[in-house]
Each structure stands twice: as structure tokens, then as C-alpha cells.
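Colleague: Could we go through this model together? I would like to begin with the sheets and then turn to other features.

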Amino acid sequence: MAALTRLLKPSSSSSTSFLLKRSLSTTTSVVSEIQSQNHLNPNFSDSKPSRNFQWVFLGCPGVGKGTFASRLSILLGVPHIATGDLVREELSNSGPLSRQLSEIVNQGKLVSDEIIFDLLSTRLEAGESKGESGFILDGFPRTIRQAEILDEVTEIDLVVNLKLREDVLVEKCLGRRICSQCGKGFNVASINAKAENGKPGMSMAPLLPPPHCTSKLITRADDTEQVVKERLRVYHEKSQPVEDFYKNQGKLMEFDLPGGISESWPKLLEALNLDDYEVKQSAVA
Ligand SMILES: Nc1ncnc2c1ncn2[C@@H]1O[C@H](COP(=O)(O)OP(=O)(O)O)[C@@H](O)[C@H]1O
């Protein structure tokens, strides 16, 4: 990976910024059309934006960023790009980088900004060559520096911050399973959290796999209680400031998940003013 070596040696924000800028070159020159694309304008689906949605999903480990971002990406026709998935893809290759990454990830720490920018740039370049435009970023930016560099190179329209009780987050992470064959994610946890200290009670049904996936389920090595707790600590320390970064820009939409997917999905669409959009999409499908 020549680009990675280049980045790791003279580690500077300008080189990472350059790399990402190149990947995002098609979108940077375009004037933002926030009002015509996001929740500020419920009729955006009738207008013709000159570029596609550029959204970010924030939230603690286990909150469901991947689930909701991937559903929205299908609805909006933009790629869902999860830096955690990019890291795991890299982990599945053998080699020194993979060994270095697995040590970091399995301790619940963050991978260096340089490695993340390199993985993300490579993914964006590959998408661009296939004609992709727009994105829903999931798990990125996770540090203020990542947010600042992203800001230098492109315009983010909307940042959705998903929120859930911390005890439920841990239970959800411990219940996560992935089918080693098809790659789909499931959750075997059946959550019934009682109301306490002003927090409302919450139930979530498990998301069970179909029979052909059942025997192929694996658990992420970083989904152990100890590592999940460390990831939560790291989130509060390094990633929570990113929420304020976007709040100050007036781009943050907070969304408290009311329950499992079936309960939360329609409410999220409503909060995004996309409920009507889903009806229109299914009518033409
Ligand atoms: N933007 C990022 N910056 C640094 N490290 C990242 C980033 N995205 C993913 N990672 C690494 O990949 C791991 C898994 O990420 P992810 O699947 O997003 O986990 P989570 O379930 O904690 O949100 C993280 O714990 C971290 O080590």
C-alpha cells in the first residue's frame, strides 16, 4: 500500500487532507444544497440537486449506526461507507498492517487518523470510478481532527447522532453476530431494560438470522464486555467532541432511539422528513 507508507512516514494533516481531497474532488467544487436535500426541506425529493446526499452517522458502539445508515443508503441511493467495515476488511488480509490493526482494534482503541484516511480515500476512489456520488459515512469522523480534515475537503449536509442508554448499548454489542458467509449482521440479544433514574424502559426483540445463516454466525473479536466498555470510554473521550463540532455548525440532528428497528425506523424517517419519500419510492419500485 504505497499511499499508506507515504502517509505514515511524513505524518501531516496536509498530506491526509490532500489524499482525501483528491477522492472527494467531484463533490468539493459543488455549492452546498443543504436546503434542497435534507430535512430542512420536506419537498427535496421533487427538486433536482446537483450532487447527492453527504450525511454522517454518529453514535456510540452498538447504537445501530450500521443498521440505519445502510437502510437509508438504499432508500436514498447513496453508498453506505463504514470505516469499521474498511478496517475489518483490512484485518482479513494477512500482513504487517493487519497485525498492527488487530492489536489496536481488539483493545478497543482508535486506529490512527492516517490509516483511516488512507482506507477511506481508497474506498471513495473505488466508488468514484464506478460512478458513485454522495455518501452516508458511518463511524467517521471519530475525532475532532478527522472532522476538521473532512470539513476542509467537502461539505457535510447533515449529521445524525443516534442515542441509546449505555446499559442497552453494552447488551446490544454482546448480542451482535455476523454471518461468516453472507456478511449480514444479526443480534441475538433480547433486551428488556427497566425504567430507572429517569431513563425510560426499553424492549428490543432479537434480530435473528434465517436458518441458512444460523450455523455460520461469528462474533466480532472486539465485542467482549471489557473491549466494549473501553470503546465506550474512548467514544466519550474522543468522539463526543465531534457531536459538539457539528452542533456548532447547526448540522446535528439528535435522535433518541425509542426501541428496536421496527419501532425506530419509521420514527427516524419521520424525523428526517423522509416518511413521505419512502412511500413515493415504494410506489415507483
Ligand atoms: N474513524 C475511525 N477512526 C479510528 N478508528 C476507527 C474509525 N472507524 C473505525 N475504527 C476502528 O475500527 C473499530 C471498529 O469500528 P466500528 O465497526 O465503527 O465499531 P463500533 O461498533 O465501535 O462503532 C473501532 O473500534 C476502531 O478501532
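Colleague: Which residue in S4 is the bridge partner of Leu58?

Modeller: The partner of Leu58 in S4 is Asn161. Please keep in mind that this is a predicted model. S1 and strand S4, residues 158–163, pair in the parallel sense over 4 bridges.

Colleague: What is the strand order in the open sheet of 5 strands?

Modeller: The order is S2-S3-S1-S4-S10, and the pairing is parallel. Strand S2 (80–82) and strand S10 (252–256) stand at the edges with a single partner strand each, so one side of each has no neighbour in the sheet. From one strand to the next, the twist averages 20 degrees.

Colleague: And the open sheet of 3 strands: is the pairing parallel or antiparallel?

Modeller: The pairing there is antiparallel, with the strands in the order S6-S5-S9. Strand S6 (185–187) and strand S9 (217–218) are the edge strands, each pairing on one side only. Strand S5, residues 176–179, pairs with S9 over 2 bridges. Within that pairing, Ile178 has Ile218 of S9 as its bridge partner.

Colleague: Which strands does helix H10 touch?

Modeller: Helix H10, residues 166–175, packs on the sheet and touches S5 and S6. The direction of helix H10 makes about 30 degrees with that of S5.

Colleague: Is the phi of Asn197 positive or negative?

Modeller: Asn197 has a positive phi of about 45 degrees, although it is not a glycine. Asn197 is found in the loop between strand S7 (191–193) and strand S8 (202–204). Most residues other than glycine have a negative phi.

Colleague: Now the pockets. What lines the second largest pocket?

Modeller: The lining consists of Arg88, Leu91, Ser92, Ser102, Val105, Asn106, Arg220, Ala221 and Asp222. About 160 Å³ of space lies in this second largest pocket. Helix H6 (83–91) and helix H7 (96–105) each supply at least two of the lining residues. By class, the lining divides into 3 nonpolar, 3 polar and 3 charged residues.

Colleague: With which residue does Arg88 form a salt bridge?

Modeller: Arg88 forms a salt bridge with Asp85, and the closest N and O atoms are 3.0 Å apart. Both residues lie in helix H6, 3 residues apart, which is about one turn of the helix.

Colleague: Finally, to what does the count of salt bridges come?

Modeller: The count comes to 19 salt bridges.

Conventions. Residues numbered from 1 in each chain as written. Predicted model: local features only at pLDDT ≥ 70, side-chain atom pairs only at ≥ 80, totals over all residues. Heavy atoms only, no water. 1 Å grid on protein atoms, 1.4 Å probe; cavity = no way out; pocket = protein on both sides within 12 Å on 5 of 7 lines; lining within 4 Å. Points joined across faces, edges and corners; volume = space filled by probe spheres on them. Nonpolar A, V, L, I, M, F, W, Y, C, P; charged D, E, K, R; others polar. Pairing = 2+ DSSP bridges. Contact = heavy atoms within 4.5 Å. Axes fitted to C-alpha atoms, helices over the stretch in contact; angles between N-to-C directions. Salt bridge = Lys/Arg side-chain N within 4 Å of Asp/Glu carboxyl O.
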